[in-house]
Amino acid sequence: FYFESKKNMERFSNQRKLLEEVKNLGVRYIKLWKWYNVKRVNFVDEGLEDLNKIDPRDDIEIWLKKNSRILFKKIEYWYSFFEDQNIKIHLNAHEVGSSNIIRQIALTKLDGCSIGKLRSVPRKIQGDWFGYYPNNSFFVWGKDSAEGMAKTENYFENLIISGYPYSNNKDLQKKELELIKNRFKKKNVKFTLLLIDSVHEKNDNYRSQVIPSKVMLRFYEYFFDWLYSDKDIGIIIKSKYSDNLYSIPKIKNLLTKAKQTERCHVVATYGTESKFYSPIADFSIGISVDMPTGLIQTAISGSRAIIYDYTNLKNKEKNLYSWGENKIIFGNLNELIDNLKSFKEKNNFDQDLGDWSKKISVIDSFCDNRGGERIGKYIRDVQKSFDEGLSSRESLKNANKNYAHKWGENQIVKQGI
């Protein structure tokens, strides 16, 4: 296990506590800023030699030559590190970036491999997410995400369905959940909503287009109006991250007023998944420019979940709309809230509003909380083959064969070996 930087090391936990947990697991760790064993690599030297022969003709070629040199030196670094530590299987938490590609090149030259797993629900857009997840084997949750990842046209030798792989540690936020429940109980809250937001911006640049900040503000205003007018209502806010929430224009005063009711709780813990809070909510509602991953996670965990589809994904999510329009996905925020109010007044929990149960197997093919276990067994099979002296290609082929035998050939969507 390696840490790339001190900042990443302390992202979710303080350093001392983290290292104690790693030590208790019996895992060896390395701080990259304290590792110096970079060596000369033949193919890198040859590449640099060829590069030096190129005479740039303009500013673009000068830039290209300069950055190509940097690329070669980064490949040399990771090649040296993987070779020095005898790393044959690499798992990377990052979804995208040139560093992923650089590490994949180094691994390939060492006859190693990388294995990845889905973090965010993909959009079903041809050629989308270009450059994401350059892995030899990549695991998705179900047929729905397999379809989305196949459309990206990214590099995968093997695309495999594992089911949802992230463990459900019920004790992780137990203290906070009890605090929320007790506070809401004192205020006689009878109907609790979990609001899950996403990244927002003014969209005044060409870098990305996300939910407009003014739309995010309106999303919260609508639910706060309901909070003020109905004392039965309690709201839990799970933002993408705290700065994301508080950077919404005019939101601070609205949050202060909402908190004063003692029926509004803002999750302050960074890195906590939305699904940990959904068991104490009657409904989870998510907003995003694409499929809201945090909201989908609550649906997988069995909670009633509704998407506010501001961006109108009807042409891309045809299957979802065919059975879930105005049930689990709404394009109109007023209609969404009106349906929630009607549900609350009628107290009709037999109603299919927010109910994913009949279709959730398309999202999570196994629905058994064993996705991580399947991926772990696959990795052990690859490692065993490496230990027996087999090549990367042969090791992955054996792991695929074992996986198909155990879980079904239909769970391997793509096999390039």
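**Note on the predicted model: a covered helix, a helix pair and a buried threonine**

1. Helix α11, spanning residues 293-300, is mostly covered, since eight of its eight residues are buried, where buried stands for under 20% relative accessible area, exposed for over 50% and partly exposed for what lies in between, with a 1.4 Å probe and protein chains only. The buried residues are T293, G294, L295, I296, Q297, T298, A299 and I300, and they pack against β7 (191-196), β12 (283-287), β13 (305-308) and α14 (360-363), a contact being heavy atoms within 4.5 Å. Just after α11, G302 takes a positive phi of about 105°.

2. On the basis of the description, this is a predicted model, in which local features need pLDDT of at least 70 and side-chain atom pairs count only at pLDDT 80 or more, while totals for chains, interfaces and linings use all residues. Residues are numbered from 1 along each chain as its sequence is written, and side-chain values use heavy atoms, with hydrogens and water left out.

3. Strand β7, one of the elements against which α11 packs, is also the place of T192. T192 is buried, with a relative accessible area of 7%; leaving aside residues up to four places away in sequence, T192 touches F184, G234, I236, I280, A281, D282 and F283.

4. Helix α3 (residues 42-52) packs with helix α4 (residues 59-84) at an angle of about 175°, the axes lying 10 Å apart; axes are lines fitted to C-alpha atoms, for helices over the stretch in contact, and angles run from 0 to 180 degrees between N-to-C directions. The two helices α3 and α4 are therefore roughly antiparallel to each other, a term that applies to angles over 145 degrees. From α3, F43, V44, D45, G47, L48, L51 and N52 meet K65, S68, R69, F72, K73, I75, E76 and Y79 of α4. The residues of this contact divide into seven nonpolar, three polar and five charged, with Ala, Val, Leu, Ile, Met, Phe, Trp, Tyr, Cys and Pro taken as nonpolar, Asp, Glu, Lys and Arg as charged, and the others, Gly among them, as polar.

5. For the protein chain as a whole, there are 16 helices and 15 strands, these being DSSP runs (helices H or I, at least four residues; strands E, at least two) numbered from the N terminus. Of its 417 residues, 47% count as buried, and residues 24 or more positions apart account for 65% of the contacts with a separation of 6 or more. Along its principal axes the C-alpha trace spans about 75 × 55 × 45 Å.

Terms used
Angles under 35 degrees count as roughly parallel, over 145 as roughly antiparallel, 65 to 115 as roughly perpendicular and the rest as oblique.
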